[in-house]
Protein chains: 2
Amino acid sequence: MKEEPLRVAVVKNILDANSRIAQENRKLFDMHRLRVINLMSSPGAGKTSLLEEMGKRFEGQLKIGVIEGDIQTTLDAERVAAAGLAAVQIETDGACHLDANMIQNALADLNLAALNLLVVENVGNLVCPAEFNIGEDHKVMMLSVTEGDDKPYKYPLMFRESSVLLISKVDLLPHLRCDIEKIKEAARSINPDLIIFEISSYTGQGLDDWHNWIQKLAAKK
Amino acid sequence: MKEEPLRVAVVKNILDANSRIAQENRKLFDMHRLRVINLMSSPGAGKTSLLEEMGKRFEGQLKIGVIEGDIQTTLDAERVAAAGLAAVQIETDGACHLDANMIQNALADLNLAALNLLVVENVGNLVCPAEFNIGEDHKVMMLSVTEGDDKPYKYPLMFRESSVLLISKVDLLPHLRCDIEKIKEAARSINPDLIIFEISSYTGQGLDDWHNWIQKLAAKK
């Protein structure tokens with residue numbers, strides 16, 4: 001097979017180029033003393049709903065910018081803009097993740113000096129986004145309890161790369177065959193340093209703890 | 001940028017090579033008059049639970065083979081084997097989808113002549129698997145109502161490529177802000193020919209219609 005070595009080389013080139021641009025992004029963030037979160041999950045785990053809650057909670061206190069990544073549509077940017085956040089939408093046109101170059105291009109549309117925090121809402125995908133650094137301070141992943149308690153073992157990279165795990169939709173637990181203790185045990189077996197929050201944007205459960213974490217992070221500016 | 005043309009060329013090479021092997025798989029399936037389904041969804045939408053239900057329903061009637069695709073673990077193959085299905089596990093070791101070559105290798109471990117139906121449970125990912133034909137008769141996608149009603153617009157390729165949409169976990173609808181009519185409307189706006197089943201493996205709702213569809217498909221052998 002001639003394809004294989006070429007393919008491996010190209011993947012390495014792509015990741016090297018990404019890493020270089022991620023470092024440029026990082027320098028820009030540092031210049032503005034801006035903290036940046038790369039928020040990742042499966043489709044529909046509740047990333048945008050959480051951002052809407054953060055918009056309400058920090059209104060008038062923290063200026064939060066959001067870069068929205070979707071394959072198509074500007075639906076999410078419209079939702080978070082309606083919640084008072086400064087939003088930019090990236091449509092990846094088929095690409096399954098955001099990379100550092102897409103972020104670099106989007107940054108031109110945000111007034112970084114005015115922001116206290118930047119959240120990048122990645123494409124809904126539990127696999128590919130974890131491979132691409134964008135210059136962030138923290139990878140934060142979200143896993144909905146509706147996805148089941150075996151997911152850390154099946155998608156280990158994202159759990160390994162993340163600083164924080166948000167276990168979302170915990171209000172649905174009474175209706176599911178899902179053991180949240182198993183999720184936490186499995187996640188910590190892969191990444192013992194994970195900070196875990198159990199949340200529901202629907203009922204508000206657990207959001208105070210998450211918002212406190214965000215407030216401390218943004219205060220470092 | 002020098003990377004871009006090279007990258008595009010390599011992606012085309014990969015898809016061309018995949019297409020060639022998919023045709024070889026197709027010939028093998030035809031030789032055995034075997035119907036093949038490529039089952040795709042986000043992580044945790046309920047693919048494996050549905051296969052468990054199919055194992056119970058068709059016990060002693062249809063011999064169903066399953067190829068399980070996961071990044072890591074053999075958890076799903078163990079579950080469907082326990083439900084009486086002939087299971088083979090592919091661990092993709094990081095890859096975000098199954099391709100025709102992985103399927104070709106796995107077929108050596110199945111007695112195709114003895115099967116009435118083969119189901120390939122793809123890696124949990126609403127993006128990448130839709131790009132890779134494996135020689136299947138039908139792409140069948142599953143979307144859980146917990147993922148929200150905006151997903152067809154945000155992940156159009158999989159909806160476009162699929163023959164069947166299984167809307168899963170409908171028992172949870174009373175607890176969600178999700179309008180199932182919006183899901184169907186959006187999905188049909190992208191693919192007017194989609195056959196749609198509303199199901200719950202938890203309560204059994206809608207499974208009879210799906211099983212009837214499967215029975216008719218397998219009867220063509």
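Across the interface of chain A and chain B, the rule finds four salt bridges, a salt bridge being a side-chain nitrogen of Lys or Arg within 4 Å of a carboxyl oxygen of Asp or Glu. The model is predicted: local features need pLDDT of at least 70 and side-chain atom pairs count only at pLDDT 80 or more, while totals for chains, interfaces and linings use all residues. Residues are numbered from 1 along each chain as its sequence is written, chains are lettered from A in the order in which they are written, and side-chain values use heavy atoms, without hydrogens and water.

**Interface of chains A and B**

- Lys154(B) and Asp76(A) form a salt bridge through their side chains, at 2.7 Å from N to O.
- On the side of chain A that touches chain B, helices H1 (3–31), H3 (75–82) and H5 (151–154) of chain A each supply at least two residues (helices are DSSP runs of H or I, at least four residues, numbered from the N terminus).
- H1(A) gives the most to this side, with seven residues.
- Contact (heavy atoms within 4.5 Å) joins 40 residues of chain A and 40 residues of chain B.

**Second largest pocket**

- Among the 44 residues that line the second largest pocket, Glu147(A), Gly148(A), Arg177(A), Ser49(B) and Arg79(B) are the closest to its centre.
- A pocket is an open set of points on a 1 Å grid over the protein atoms alone where a 1.4 Å probe fits, with protein on both sides within 12 Å along at least five of seven lines; lining residues have an atom within 4 Å of a point.
- H2(B) provides the largest share of the lining, six residues.
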